[in-house]
Amino acid sequence: MATARKSASPKAVPMPKDAIAMLRADHRKVSALFDEFEAARSTAKKKMLVAQICEELTVHTALEEEVFYPAVKAAMRDKELVPEATVEHASVKDLIAQVKDVEPDGEMYDAKVKVMSEFVKHHVKEEQNEMFPKAQKTRLDMVALRDEMMARKQVLLAEASA
């Protein structure tokens, strides 16, 4: 007897339960892309992965800066975590500008991607260990925040592919 196979399309990602789950999923995705880059040997593969990394990080940082951070900053009356995270974003954006749409040309290119990966790992650790737990203790509606972020993400992705 034949059994029906479930088709797993790459777009069929389950809805994250709230804003923090959504951001954590983004973190895992980018981490996996950096791991793939580390293992990549061909220039074409590296260029393709860097394009994906840059798009993911550009959209992710925009979501955090436009939606998540202002809500968290207000709810926590934060004057430290959000400003620091915003400065970290600036460093990552600078590295994105140095590698996006550039041909992988050896060790300096690889070094820039490696440093970007290290900055992102540090940033993710601080968010997940400090900011997210504190944000969860506030009265923020993390589901409504997720919905706002999902809507904004659709716009940003449409703009990126236009």
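This is a predicted model: local features need pLDDT of at least 70, side-chain atom pairs count only at pLDDT 80 or more; totals for chains, interfaces and linings use all residues.
Aspartate 18 sits in the segment before α1, the helix that spans residues 19-39. A polar atom of the aspartate 18 side chain lies 2.8 Å from the backbone nitrogen of alanine 21. Leaving aside residues up to four places away in sequence, aspartate 18 touches Met142, Val143 and Arg146.

The axes of α1 and α4 come within 11 Å and cross at roughly 160 degrees. Angles over 145 degrees count as roughly antiparallel, and α1 and α4 are therefore roughly antiparallel to each other. The crossing in which α1 passes α4 is left-handed.

The chain has five helices and zero strands, and reading along the sequence gives the pattern α-α-α-α-α. Taken along the principal axes, the C-alpha atoms fill a box of roughly 55 × 50 × 30 Å. Of the 162 residues in the chain, 37% are buried. Among contacts between residues at least 6 apart in sequence, 77% join residues at least 24 apart.

A pair of aromatic rings is described by the distance of the centres and the angle of the planes. Counting rings whose centres lie within 6.5 Å, the model contains three aromatic pairs. One of them joins phenylalanine 68 and tyrosine 69, with 6.4 Å centre to centre and 55 degrees between the planes, a tilted arrangement. Phenylalanine 68 and tyrosine 69 are both buried. Phenylalanine 68 also pairs with phenylalanine 132, here edge-to-face, at 5.8 Å centre to centre and with 85 degrees between the planes. Phenylalanine 68 lies in helix α2 (residues 43-76) and phenylalanine 132 in helix α4 (residues 107-136), so this pair ties together parts that are 64 residues apart in sequence. The relative accessible area of phenylalanine 68 is 0%, which makes it buried, and phenylalanine 132 likewise counts as buried at 0%. Together, Phe68, Tyr69 and Phe132 form one aromatic cluster.

Leucine 81 brings helix α3 (residues 81-99) into the picture. This residue is buried, with a relative accessible area of 11%. Not counting residues up to four places away in sequence, leucine 81 touches Met76, Glu130, Met131 and Lys134. Leucine 81 and alanine 40, by contrast, are 41 residues apart in sequence and lie 34 Å apart in space, C-alpha to C-alpha.

Notes
Residues are numbered from 1 along each chain as its sequence is written. Side-chain values use heavy atoms; hydrogens and water are left out. Rings of Phe, Tyr and Trp (its six-membered ring) pair if their centres lie within 6.5 Å; planes under 30 degrees apart count as stacked, over 60 as edge-to-face and the rest as tilted. Buried means under 20% relative accessible area, exposed over 50%, partly exposed in between (1.4 Å probe, protein chains only). Helices (H or I, at least four residues) and strands (E, at least two) are DSSP runs, numbered from the N terminus. A polar contact is a pair of N or O atoms within 3.5 Å; within protein, one must be able to donate a hydrogen and the other to accept it, and residues adjacent in sequence count only if both atoms are side-chain atoms. Contact means heavy atoms within 4.5 Å. Axes are lines fitted to C-alpha atoms, for helices over the stretch in contact, and angles run from 0 to 180 degrees between N-to-C directions. Angles under 35 degrees count as roughly parallel, over 145 as roughly antiparallel, 65 to 115 as roughly perpendicular and the rest as oblique. A crossing is left-handed if the near helix is turned anticlockwise from the far one by less than a right angle, and right-handed if clockwise.
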